[in-house]
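Me: Could you take a close look at one part of this model for me? I'd like to know how it is put together and what it touches.

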Amino acid sequence: MSQIEKLISVFSTSLGIPEAAVTDDLQYNSLPEWDSTAHMVLISELENQFDIMLDTDDIIDMSSVRVAKQILGKHNITFE
Amino acid sequence: MISVNALPSGIELAGYQVSLRPVEKADLNLLRNWRNQDEIRQHMVSQELISEEQQSAWYQKTTRDLTQRHFVIRYRNQSIGSANIRSLAPGCALTEASIIEPGLYIGDAKYRNNIVAFSPTLLLNDYCFYHLNCTKLVAKVMPENTAAINYNVKLGYKIINQDKLVEIELNKIDYEKSSRTLKSLLSRSPKT
């Protein structure tokens, strides 16, 4: 599974939405499924699947799929 | 763990990446502009526009009032919103209060739909339960404000009455249970 497939799968599973709905523009609180509870599940799944530890600034900043990619990029995870 | 510092102008709280400092005169224009925005005002019980004179009188009164405290929410060296706590028993100082009503809004639109919006609430709730030793927090929310109701329910609040306003309340045990994970995410150490 590529990194982008893994990322889409994590968002889809954590938020309980179809993979097709996981686009760069998808934002926190833009749909009922991505609320604070789902955000906590999402953070935990990202950390487990990509074997990273996010700090609180990153957890706060992770407000969209696009930003998530940028934050994971700081951990040398790329999505080319 | 939150920090509580006594300043000449009141109490400053810090934790979960944000701080709450006492409202100062220099904050009044910003606070009034936020409070008079439609997006904020529509969720208030009193929806009238606040004039400079009304606000000035309010400021004079509240700075001497031991039954309430008003704060500016600060995040990354910027003011992003307003928070307050008040004792529900008439004339009862906050330090003696068993029931406290907290309130807040995020004025900076950039942070309204962001997980950091939970931080000032966690900070206020910790201060009320662990420093002021109150037993219960209560709030009244407009029924249309489902975002605020959902937000508070996630923090452990229970709906106790639904009429023209939705009355909600939170005890310490429910708060501790409901906020544990959120607190752990919002209080991780910054990268060194």
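Reply: In chain B, strands β1(B) and β2(B) form a hairpin, with 2 residues between them. Strands and helices here are DSSP runs numbered from the N terminus (E, at least two residues, for strands; H or I, at least four, for helices). A word on the ground rules: residues are numbered from 1 along each chain as its sequence is written, while chains are lettered from A and ligands numbered from 1 in the order in which they are written. This is a predicted model, with local features needing pLDDT of at least 70 and side-chain atom pairs counting only at pLDDT 80 or more, while totals for chains, interfaces and linings use all residues. pLDDT is the predictor's confidence in each residue, from 0 to 100. Chain B averages 93 on it, and 98% of the residues score at least 70. For the complex, the predictor gives an ipTM of 0.76 and a pTM of 0.89.

β1(B) pairs with β2(B), residues 10-15, in the antiparallel sense over 5 bridges; two strands count as paired if DSSP finds at least two bridges between them. Across this pairing, B:N5 stands opposite B:E12 in β2(B). β2(B) then pairs with β3(B), residues 18-22, again antiparallel, over 3 bridges, and B:G15 sits opposite B:V18 there. This hairpin also has 2 residues between its strands, and B:Y16 takes a positive phi near 55 degrees.

Further along, β4(B) (residues 68-75) and β5(B) (residues 78-87) run antiparallel, joined by 8 bridges. B:H70 has B:N84 in β5(B) as its bridge partner. These two strands make a hairpin as well, with 2 residues between them, and B:R76 in the turn has a positive phi of about 50 degrees. On to β6(B), residues 99-106: 7 bridges join that strand to β5(B), and the pair runs antiparallel. Here B:R86 is partnered by B:E101. Another antiparallel pair is β7(B) (residues 136-141) with β9(B) (residues 166-171), over 6 bridges, and B:L137 faces B:L170 in β9(B).

Put together, you get an open sheet of 9 strands with mixed pairing, in the order β1-β2-β3-β4-β5-β6-β7-β9-β8 of chain B. At the edges are β1 (3-7) and β8 (158-162), each pairing on one side only. Neighbouring strands are turned by 25 degrees against each other on average, direction ignored.

Now for the helices. Two packed helices are described by the angle between their axes and the distance between the axes. Here the axes are lines fitted to C-alpha atoms, for helices over the stretch in contact, and angles run from 0 to 180 degrees between N-to-C directions. Within chain B, α4(B) (residues 119-131) and α6(B) pack at about 135 degrees, with their axes 11 Å apart. That makes the two oblique to each other; angles under 35 degrees would be roughly parallel, over 145 roughly antiparallel, 65 to 115 roughly perpendicular, and the rest are oblique. The crossing is left-handed, meaning the near helix is turned anticlockwise from the far one by less than a right angle (clockwise would be right-handed). B:S119, B:L122, B:N125 and B:F129 of α4(B) meet a set in α6(B) that includes B:Y175, B:S179 and B:L182. (Ala, Val, Leu, Ile, Met, Phe, Trp, Tyr, Cys and Pro are nonpolar; Asp, Glu, Lys and Arg are charged; the others, Gly among them, are polar.)

α6(B), residues 172-186, also packs against chain A: α2(A), residues 36-50, lies at about 55 degrees to it, with the axes 11 Å apart. These helices are therefore oblique too, and α2(A) passes α6(B) in a left-handed crossing.

Across the whole interface, 16 residues of chain B are in contact with 13 of chain A, contact meaning C-beta atoms, placed from the backbone, within 7 Å. On the chain B side, α6(B) gives the most, with 4 residues. That side divides into 7 nonpolar, 6 polar and 3 charged residues.

Key. Contact = placed C-beta atoms within 7 Å.
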